[in-house]
Amino acid sequence: MMTVTDAVETAQFVAWMRRYADVIHENAGMLTELDSAIGDADHGSNMDRGMAAVVAALDATEFASGAELFKKVGMTLVSSVGGASGPLYGTFFLRFGGKLGDGAVDAATLGEALHAGVAGVKQRGKAEVGEKTMIDAWAPALEAYDAAQADGIAAALQAAAAAGAKGRDDATPLVAHKGRASYLGERSAGHQDPGATSTVLLLEAAAETLS
């Protein structure tokens, strides 16, 4: 029998998106600074604008399910965020929401949704582990979630956030092979990837609000 402690309600998903919007706003300058070193210097501003649009959509609409919520989140990000971030994050949330049903979401379903979202990102960005992208945070995060899933949503998300942060840090010395950063070649080594960084912020917000 599923209990409140191992299920996520739609209201918690809404809280996750609101918290992520706050965290992105607080860290927009840092994300842009990271992107200025190896990208277009717009990751922070783009994500801040996109998440502000998401919050506006949350304020204007009452969502009956997680699936309905994340369809709106994904479409909002695709339409309001420039560069690669909009399509990648939009695809993540669209695929994520596609795995959610109408009711509360248990740990196994949440894991399936995370896997589906990341699979969509990999397909859209054609990126793999070791290419210095958000996948370097997502891949170990998924592994950690799966390993801790039996311990419940809180433990699994905390493990995922910690593993994602380590993956982000492990990718910092790497040479980028995707996106604008790849144009720098060897000079991209030693710079923290902004996409992996915003991914960790998303995971940390999930651990905070969905537990």
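Two residues are said to be in contact when heavy atoms of theirs lie within 4.5 Å. The legends below describe a predicted model.

**Figure 1. Overall arrangement of the protein chain.** Eight helices and two strands make up the secondary structure of the protein chain. Of the 211 residues in the protein chain, 50% count as buried. The accessible surface comes to about 9200 Å², and carbon and sulfur atoms account for 52% of that surface. Among contacts between residues at least 6 apart in sequence, 69% join residues at least 24 apart.

**Figure 2. The largest nonpolar core.** This core contains 54 residues. Phe13, Trp16, Met17, Phe70, Phe93 and Phe96 are those with the most contacts inside the core. At least two core residues are supplied by each of the helices α1 (10-38), α2 (43-60), α3 (66-80), α4, α5 (107-125), α6 (135-148), α7 (153-171) and α8. Helix α1 provides the largest share, with nine residues. In soluble globular proteins, nonpolar side chains tend to be buried together.

**Figure 3. The surroundings of Phe96.** Phe96 is among the residues with the most contacts inside the largest nonpolar core.

**Figure 4. The packing of helix α4 against helix α8.** Helix α4 spans residues 85-98 and helix α8 spans residues 194-209. The two helices pack at an angle of about 35 degrees, and their axes are 12 Å apart. Their crossing is right-handed. On the α4 side, the contact is made by Tyr89, Phe92 and Phe93; on the α8 side, Gly195, Ser198, Thr199 and Leu202 take part. Sorted by class, the residues of this contact comprise four nonpolar, three polar and no charged residues.

Figure 5. Leu34 lies in helix α1. The relative accessible area of Leu34 is 18%, and the residue is therefore classed as buried, the cut-off being under 20%. Apart from neighbours within four places in sequence, Leu34 is in contact with Gln192, Pro194 and Thr197. Leu34 and Gln192 are 158 residues apart along the chain, yet their C-alpha atoms are separated by 6.5 Å.

Terms used:
Residues are numbered from 1 along each chain as its sequence is written. This is a predicted model: local features need pLDDT of at least 70, side-chain atom pairs count only at pLDDT 80 or more; totals for chains, interfaces and linings use all residues. Side-chain values use heavy atoms; hydrogens and water are left out. Axes are lines fitted to C-alpha atoms, for helices over the stretch in contact, and angles run from 0 to 180 degrees between N-to-C directions. Helices (H or I, at least four residues) and strands (E, at least two) are DSSP runs, numbered from the N terminus. A crossing is left-handed if the near helix is turned anticlockwise from the far one by less than a right angle, and right-handed if clockwise. Ala, Val, Leu, Ile, Met, Phe, Trp, Tyr, Cys and Pro count as nonpolar, Asp, Glu, Lys and Arg as charged, and the others, Gly among them, as polar. A nonpolar core is a set of buried Ala, Val, Leu, Ile, Met, Phe, Trp, Tyr and Cys residues joined through side-chain atoms within 4.5 Å. Buried means under 20% relative accessible area, exposed over 50%, partly exposed in between (1.4 Å probe, protein chains only). Accessible areas come from the Shrake-Rupley method with a 1.4 Å probe; for residues, only the protein chains shown count as cover.
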